[in-house]
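This report describes selected features of one protein chain.

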Amino acid sequence: MHLHRYEKWWLTFGIGSLVLFLVIVGISAFHQGHQPPSSVKTINYEQIDKVAPFNEPGLRKVEGKDWDYELVVVASAFMYMPTEVEIPVGSTVKIIATTKDVVHGYGVAGTNINMMLEPGYVNEYVTTMDKTGEYLVVCNEYCGTGHHTMKMMYKVVDINE
């Protein structure tokens with residue numbers, strides 16, 4: 001079989017690009033430790049209201065951990081619980097979230113916080129709230145007819161003022 005000179009160039013370019021892509025992904029995944037979030041923690045989504053910490057959603061101060069606060073969030077039909085939280089500026093917050101009915105999104109506008117909440121799984125995300133202001137949390141996964149009304153508000157405040 002005879003391949004034209006230009007076909008050989010394009011095959012070489014294509015295979016070289018594929019090898020380069022796999023090398024970059026391999027270095028990123030194994031050397032730098034970048035991994036997709038895994039749903040290691042599971043929960044019975046039918047019993048969320050009875051299982052700690054989801055039986056009392058909200059913001060709590062914690063001691064002896066790498067974060068200052070834990071924010072427990074439960075998503076359900078077109079609402080988040082709690083609907084509003086006040087977080088001191090500069091604090092590190094661990095967000096622990098799940099849903100009790102269908103797939104919901106959890107995107108905090110103006111930050112890099114973006115999670116997909118699935119029934120039966122617990123998502124966790126640790127972040128530091130560095131800037132004061134109000135941050136709107138929206139559902140960015142279509143969850144039904146009331147999807148557009150699903151929101152929550154972070155109020156990051158300076159407690160010294």
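## Model and domains

The structure is a predicted model. The domain assignment divides the chain into domain 1, which covers residues 1-35, and domain 2, which covers residues 41-157. The C-alpha centres of these two domains are 40 Å apart.

Together with Leu11, Ile15, Val19 and Ile27, Val23 makes a nonpolar surface patch of about 440 Å². The relative accessible area of Val23 is 43%. Val23 is therefore classed as partly exposed, because this class lies between the limit of under 20% for buried residues and that of over 50% for exposed ones.

## Salt bridges

How many salt bridges does a search of the whole structure find? The search finds six. One of the salt bridges is formed by Lys100 and Asp49, whose closest N and O atoms are 2.9 Å apart. This pair links distant parts of the chain, since the two residues are 51 residues apart. Lys100 is in the loop between β5 and β6 (104-108), while Asp49 is in the loop between α1 and β1 (58-61). With a relative accessible area of 29%, Lys100 is partly exposed.

Lys155 takes part in a salt bridge with Glu84, with a distance of 3.3 Å between the closest N and O atoms.

Glu134 lies in strand β9 (residues 133-138) and Lys155 in strand β10, so the pair ties together parts that are 21 residues apart in sequence. Glu134 has a relative accessible area of 55% and is therefore exposed. Elsewhere, a network of salt bridges links Lys41, Lys94 and Glu124.

## Thr92, a buried residue in a strand

Thr92 is located in strand β5, which spans residues 92-99. Is Thr92 buried or exposed? The relative accessibility of Thr92 is 18%, so this residue counts as buried; the reason is that buried means under 20%.

The side chain of Thr92 is joined to that of Thr128 by a polar contact of 3.2 Å. When residues up to four places away in sequence are not counted, Thr92 touches Asp66, Trp67, Asp68 and Tyr69, as well as Val126, Thr127 and Thr128.

## Asp130, an exposed residue in a loop

Asp130 is placed in the loop between β8 (123-128) and β9. The relative accessible area of Asp130 is 58%, so this residue is exposed, because exposed means over 50%.

Which residues does Asp130 touch, not counting residues up to four places away in sequence? They are Val89 and Gly90. Asp130 and Val72 are 58 residues apart along the chain, and a distance of 20 Å separates their C-alpha atoms.

## Backbone features

Where do cis peptide bonds occur? One runs from Ala52 to Pro53, with omega near 0°. Pro53 is in the loop between α1 and β1. A cis peptide bond also joins Met81 to Pro82, with an omega of about 0°. The place of Pro82 is the loop between β3 (79-81) and β4.

Phe78 is not a glycine, yet it has a positive phi of about 65°. This residue is found in the loop between β2 (69-76) and β3. The relative accessibility of Phe78 is 29%, so Phe78 counts as partly exposed.

Methods. Residues numbered from 1 in each chain as written. Predicted model: local features only at pLDDT ≥ 70, side-chain atom pairs only at ≥ 80, totals over all residues. Heavy atoms only, no water. Domains from an automatic or database assignment. Helix = DSSP H or I, 4+ residues; strand = E, 2+ residues; numbered from the N terminus. Buried < 20%, exposed > 50% of the residue type's maximum accessible area, 1.4 Å probe, protein only. Polar contact = N/O pair within 3.5 Å; in protein donor to acceptor, adjacent residues only side chain to side chain. Contact = heavy atoms within 4.5 Å. Patch = residues over 30% accessible without salt bridge, like charges linked within 9 Å, V, L, I, M, F, W, Y side chains within 5 Å. Areas by Shrake-Rupley, 256 points an atom, 1.4 Å probe, with all protein chains shown as cover. Salt bridge = Lys/Arg side-chain N within 4 Å of Asp/Glu carboxyl O.
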